[in-house]
Amino acid sequence: VGKQESRFAEAKDELATAEQQEITLNTQRQTLRNTLAECKDAVSSSSNQGHMITNLLKEKKKGRLNGLHGRLGELGTIDGKYDVAITTACPALNNLVVDDVTTGSKCIEYVRQQKLGRVTCIMLDKIAHLASRAEGSIQTPEGAPRLYDLIKPKDAKFRTAFYKAIGDTLVAESMDQAVRIAYSK
């Protein structure tokens with residue numbers, strides 16, 4: 001009887017351990033499923049965005065969208081070490097840059113008619129008032145550079161679009177510097 005009770009207690013402990021492992025594995029499985037779903041959504045969104053841009057650029061080549069310049073992110077370059085900074089600070093990199101409201105309206109209407117998703121346009125004529133602020137220099141805490149100043153636009157006319165998207169966002173060399181700058185007067 002003593003052996004059976006001992007064996008019963010061991011089996012009970014093993015069962016409890018197995019049940020706890022099952023809970024842990026189920027939690028991990030759900031986390032992985034969520035991660036997979038997020039990745040699928042990101043890939044799909046990226047693919048759809050690329051498809052939309054491709055179609056809009058085809059329309060431009062046909063002469064129907066002459067004031068369309070492309071995605072903001074494709075209209076300039078930045079040193080690779082600032083890639084994370086720009087993609088984090090500037091969600092507008094996927095916005096279209098157009099000359100004016102008329103072209104922006106045509107792009108939006110085309111996207112709507114073709115059911116290609118959603119699009120946001122940066123209209124150069126509507127942000128011209130920002131040019132002087134974009135071209136001016138500012139004094140920054142600890143001499144931290146503005147992210148905007150690190151971008152090399154393909155054409156000078158796109159500088160204001162980048163300024164509209166990023167403003168005076170600063171780049172810190174470290175988390176400590178970022179905290180000091182954020183909480184300084």
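Predicted model: local features only at pLDDT ≥ 70, side-chain atom pairs only at ≥ 80, totals over all residues.
Student: How many salt bridges does a search of the whole structure find?

Tutor: The criterion requires a side-chain nitrogen of Lys or Arg within 4 Å of a carboxyl oxygen of Asp or Glu. With the whole structure searched, the number of salt bridges found is eight.

Student: Is Glu 59, the salt-bridge partner of Lys 62, buried or exposed?

Tutor: The closest N and O atoms of Lys 62 and Glu 59 are 3.7 Å apart. Lys 62 has 55% relative accessibility and therefore counts as exposed. For Glu 59 the relative accessibility is 9%, and the cut-off for burial is under 20%. Glu 59 is therefore buried.

Student: Which class of accessibility applies to Glu 74, which forms a salt bridge with Arg 71?

Tutor: In this salt bridge, the closest N and O atoms lie 3.1 Å apart. Arg 71 has a relative accessible area of 17%, so this residue is buried.

Student: How many residues apart are Glu 135 and Arg 159?

Tutor: The side chains of Glu 135 and Arg 159 meet in a salt bridge with an N to O distance of 3.2 Å. Glu 135 belongs to helix α4 (residues 131-135), while Arg 159 belongs to helix α5 (residues 159-166). The pair links distant parts of the chain, with a separation of 24 residues.

Technical notes. Residues numbered from 1 in each chain as written. Heavy atoms only, no water. Buried < 20%, exposed > 50% of the residue type's maximum accessible area, 1.4 Å probe, protein only. Helix = DSSP H or I, 4+ residues; strand = E, 2+ residues; numbered from the N terminus.
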